[in-house]
Amino acid sequence: MHVEARGLGLVSWAGSRMLVWAVGLEHIKMSTTTVPELKQISREEAMRLGPGWSHSCHAMLYAANPGQLFGRIPMRFSVLMQMRFDGLLGFPGGFVDRRFWSLEDGLNRVLGLGLGGLRLTEADYLSSHLTEGPHRVVAHLYARQLTLEQLHAVEISAVHSRDHGLEVLGLVRVPLYTQKDRVGGFPNFLSNAFVSTAKYQLLFALKVLNMMPSEKLAEALASATEKQKKALEKLLPSSS
């Protein structure tokens with residue numbers, strides 16, 4: 001399954017990279033230095049790139065969740081990410097050496113170390129994006145919908161995997177809701193530090209898989225931006 005997101009792009013603004021999320025005719029800008037500008041390409045185009053490019057493969061596992069937080073806030077979906085050894089959030093997966101492995105074989109090898117026996121196939125392929133600059137990386141994202149019971153089984157299996165407590169410090173569920181204060185939940189989650197392309201891939205997948213209404217995504221991004229702006233203002237010396 002290969003999909004493209006219309007209206008999701010990156011532009012350069014005021015000397016820093018800004019993530020632009022298009023919702024209808026509105027554009028919500030999220031100032032961040034952790035979301036690199038990405039260009040989407042097809043799987044076939046990615047496979048034709050030369051040896052100067054590295055390939056990373058990551059998996060987004062998710063399940064529909066009918067539960068309600070505090071009995072009133074719909075959970076909608078449960079999405080798994082992980083806390084890494086470097087203190088950054090990311091999806092399960094890693095780099096694949098194309099000299100020895102296919103994308104899927106390499107991804108499954110890494111997943112086996114961090115999650116257990118889960119195996120993905122080419123049918124789970126979602127997208128490929130280029131990251132240029134100091135490191136030329138093709139970031140491949142796979143996505144598979146599980147049942148909530150299967151997702152919970154993955155969480156249990158991950159605790160007993162080889163990398164648990166070492167390279168992987170634990171799985172986390174992404175809170176895909178926003179509380180009444182407009183900050184709690186998804187906006188707060190977006191304020192965390194993410195590795196490389198992980199934040200972009202999360203937003204991309206939520207959009208193209210229709211897992212969160214566009215207006216809710218826009219509101220969460222705006223709230224996260226405002227929170228980051230206020231935090232930065234507190235750190236900067238007063239101009240008065």
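Student: Which residues touch the most other members of the largest nonpolar core?

Tutor: Among its 33 residues, those are Met60, Val79, Leu176, Phe186, Leu202, Leu209 and Met211. At least two residues of this core come from each of strand 5 (54–69), strand 6 (73–84), strand 10 (137–146), helix 4 (186–190), helix 5 (198–208) and helix 6 (214–235). Helix 5 gives the largest share, eight residues. Another core, of 18 residues, lies apart from this one and includes Leu61, Ala63, Leu80 and Tyr142. Please keep in mind that this is a predicted model, where local features need pLDDT of at least 70 and side-chain atom pairs count only at pLDDT 80 or more, while totals for chains, interfaces and linings use all residues. Residues are numbered from 1 along each chain as its sequence is written, and side-chain values use heavy atoms, with hydrogens and water left out.

Student: What makes a set of residues a nonpolar core?

Tutor: Its members are buried Ala, Val, Leu, Ile, Met, Phe, Trp, Tyr and Cys residues, joined through side-chain atoms within 4.5 Å.

Student: Which residues does Val79 touch, not counting those up to four places away in sequence?

Tutor: Val79 touches Met60, Leu61, Tyr62, Phe91, Val172, Arg173, Val174, Leu176, Leu202 and Met211. Contact here means heavy atoms within 4.5 Å.

Student: Why is Phe189 called buried?

Tutor: Buried means under 20% relative accessible area (exposed is over 50%, partly exposed in between, with a 1.4 Å probe and protein chains only). Phe189 has a relative accessible area of 8%, so Phe189 is buried. Phe194 has 2%, so Phe194 is buried too.

Student: What makes helix 5 mostly covered?

Tutor: Eleven of its eleven residues are buried. Among them are Lys199, Gln201 and Lys207, as well as Leu202 and Phe204. Helices are DSSP runs of H or I with at least four residues, strands are runs of E with at least two, and both are numbered from the N terminus. Just after helix 5, Asn210 has a positive phi of about 55 degrees.

Student: How many aromatic pairs does the structure hold?

Tutor: There are three aromatic pairs. In one of them, the ring centres of Tyr62 and Phe77 are 6.2 Å apart and the planes stand at 65 degrees, so the pair is edge-to-face. Tyr62 sits in strand 5 and Phe77 in strand 6, so this pair ties together parts that are 15 residues apart in sequence. For Phe189 and Phe194 the centres are 5.6 Å apart and the planes at 75 degrees, so this pair is edge-to-face. The rule is that rings of Phe, Tyr and Trp (its six-membered ring) pair if their centres lie within 6.5 Å, with planes under 30 degrees apart stacked, over 60 edge-to-face and the rest tilted.

Student: Where is the centre of the largest pocket, in terms of the residues that lie nearest?

Tutor: Nearest the centre lie His58, Arg84, Gly94, Phe95 and Val195, out of 33 lining residues. The space in this pocket is about 720 Å³. Helix 2 (103–114) gives the most to the lining, with four residues.

Student: What is the volume of the second largest pocket?

Tutor: The volume is about 250 Å³. Of its 15 lining residues, Leu176, Tyr177, Thr178, Lys216 and Glu219 are closest to the centre. Helix 6 gives the most to this lining, with four residues. On a 1 Å grid over the protein atoms alone, a pocket is an open set of points where a 1.4 Å probe fits, with protein on both sides within 12 Å along at least five of seven lines, and lining residues have an atom within 4 Å of a point.

Technical notes: Points joined across faces, edges and corners; volume = space filled by probe spheres on them.
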